[in-house]
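Walk me through this structure, please.

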Amino acid sequence: MIVEFSFDISTLQAALAEAPEMRVEMDHMSSTNTVSLRKFFWARGGDFGAFEDGLEADPTVREPERVTETGDSRYYRVIYRDDLPGVEAYHAVVELDGLVLDARTAGDGWNGRMRFPDRDALNEWCDRCEAVGITVDIHAVYDQDHQHPSNSYGLTPAQREALLTAAETGYFSIPRETSLAGLGEELDVSSQSASERLRRGMITLIEHTLDED
């Protein structure tokens, strides 16, 4: 079974606060009994200098390293601090025979997809997350052979919600029927966060529909 989820954990959020336009997409995570949890990820869309300075100061990771870069993207490796709740959450996924398929953040919490063998394993993972202070929001659960429409075009659940709410409340109407502040109230976020979700959502839609490259 495939699970779409989101949770607010602090990993990399301090670094992203230094480069608000940056988007991060996980490529791979791994750890062993003797090797701390490592995350490899792509970053794009923001000020790389500010982001890398932020990585050096981010209290959630250590030994950040830029592995490579291509076009407007850079590939990094970081090592998680061993005492982070997110480390326990990852170990629980592995112990329950789960797999993190993808995860992404733009500085407003993490969204992603995981595979679990059954609903009991999913429930156990949620319980273990709650035990270390992580609240998991499950957005969809579906058979791995059928892609859920809420993940279409690469949109995160937060981006999809922002775009749909903007359309429903008349943000795109002429004349405009609501403001960013009003949209933020509908989404229960600040007007700045609402603006960022809209812009990132529209960029993602363009990349997955109109941009042939």
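**A guided walk through the model**

Asp97 sits in the loop between α3 and β6. The model is a predicted one. Phi of Asp97 is near 65°, a positive value in a residue other than glycine. Most residues other than glycine have a negative phi. Asp97 is also exposed, because its relative accessible area is 61%, and the cut-off for exposed is over 50%.

A second residue belongs in this part of the story. Asp188 follows α6 and lies in the loop between α6 and α7. Its phi is positive too, near 65°. At 70% relative accessibility, Asp188 counts as exposed.

Ile174 and Pro175 are joined by a cis peptide bond, with omega at about -5°. Most peptide bonds are trans. Pro175 is placed in the loop between α5 and α6.

Now take helix α6 itself. It spans residues 180-187, and its buried residues are Gly182, Leu183, Gly184 and Leu187. What do these buried residues pack against? They pack against α5 (157-168) and α7 (191-209).

The pairing with α7 can be described in detail. The axes of α6 and α7 are 8 Å apart, and the packing angle is about 90°. The two helices are therefore roughly perpendicular. On the α6 side, the contact uses Leu180, Ala181, Leu183, Gly184 and Leu187. On the α7 side, the residues are Ser191, Ala194, Ser195 and Leu198. By class, this contact has six nonpolar residues, three polar and no charged.

How many cavities of 30 Å³ or more does the structure hold? There is one. Four elements each supply at least two lining residues: β1 (2-7), α3 (85-95), β6 (99-105) and β7 (110-115). The largest share, four residues, comes from α3. The lining divides into 13 nonpolar residues, one polar and one charged.

The largest pocket holds about 420 Å³ of space. Of its 22 lining residues, those closest to the centre are Ser6, Asn111, Asp137, His139 and Ala158. β1, β7, β8 (136-142) and α5 each give at least two residues to this lining. α5 gives the most, with four residues. The classes come out as seven nonpolar, seven polar and eight charged.

The second largest pocket has about 340 Å³ of space. It is lined by 23 residues, and Glu25, Arg104, Gly154, Thr156 and Gln159 lie nearest its centre. The elements that contribute two or more residues are β2 (23-30), β6, α5 and α7. Here the largest share, five residues, comes from α7. The lining of the second largest pocket divides into six nonpolar, eight polar and nine charged residues.

Is Ile138 buried, exposed or partly exposed? Ile138 counts as partly exposed, because its relative accessibility is 34%. The cut-offs for that class are 20% and 50%. Ile138 and Val3 are 135 residues apart along the chain, yet their C-alpha atoms are separated by 7.1 Å. Not counting residues up to four places away in sequence, Ile138 touches Val3, Glu4, Phe5, Leu122 and Cys126.

The last stop is Gln13, which lies in helix α1 (residues 13-17). Gln13 is buried, because its relative accessible area is 15%, and buried means under 20%. What does Gln13 touch, not counting residues up to four places away in sequence? Its contacts are Asp58, Thr105, Gly107, Asp108, Gly109 and Trp110.

Note on methods: Residues numbered from 1 in each chain as written. Predicted model: local features only at pLDDT ≥ 70, side-chain atom pairs only at ≥ 80, totals over all residues. Heavy atoms only, no water. 1 Å grid on protein atoms, 1.4 Å probe; cavity = no way out; pocket = protein on both sides within 12 Å on 5 of 7 lines; lining within 4 Å. Points joined across faces, edges and corners; volume = space filled by probe spheres on them. Nonpolar A, V, L, I, M, F, W, Y, C, P; charged D, E, K, R; others polar. Buried < 20%, exposed > 50% of the residue type's maximum accessible area, 1.4 Å probe, protein only. Contact = heavy atoms within 4.5 Å. Axes fitted to C-alpha atoms, helices over the stretch in contact; angles between N-to-C directions. Parallel < 35°, antiparallel > 145°, perpendicular 65-115°, else oblique.
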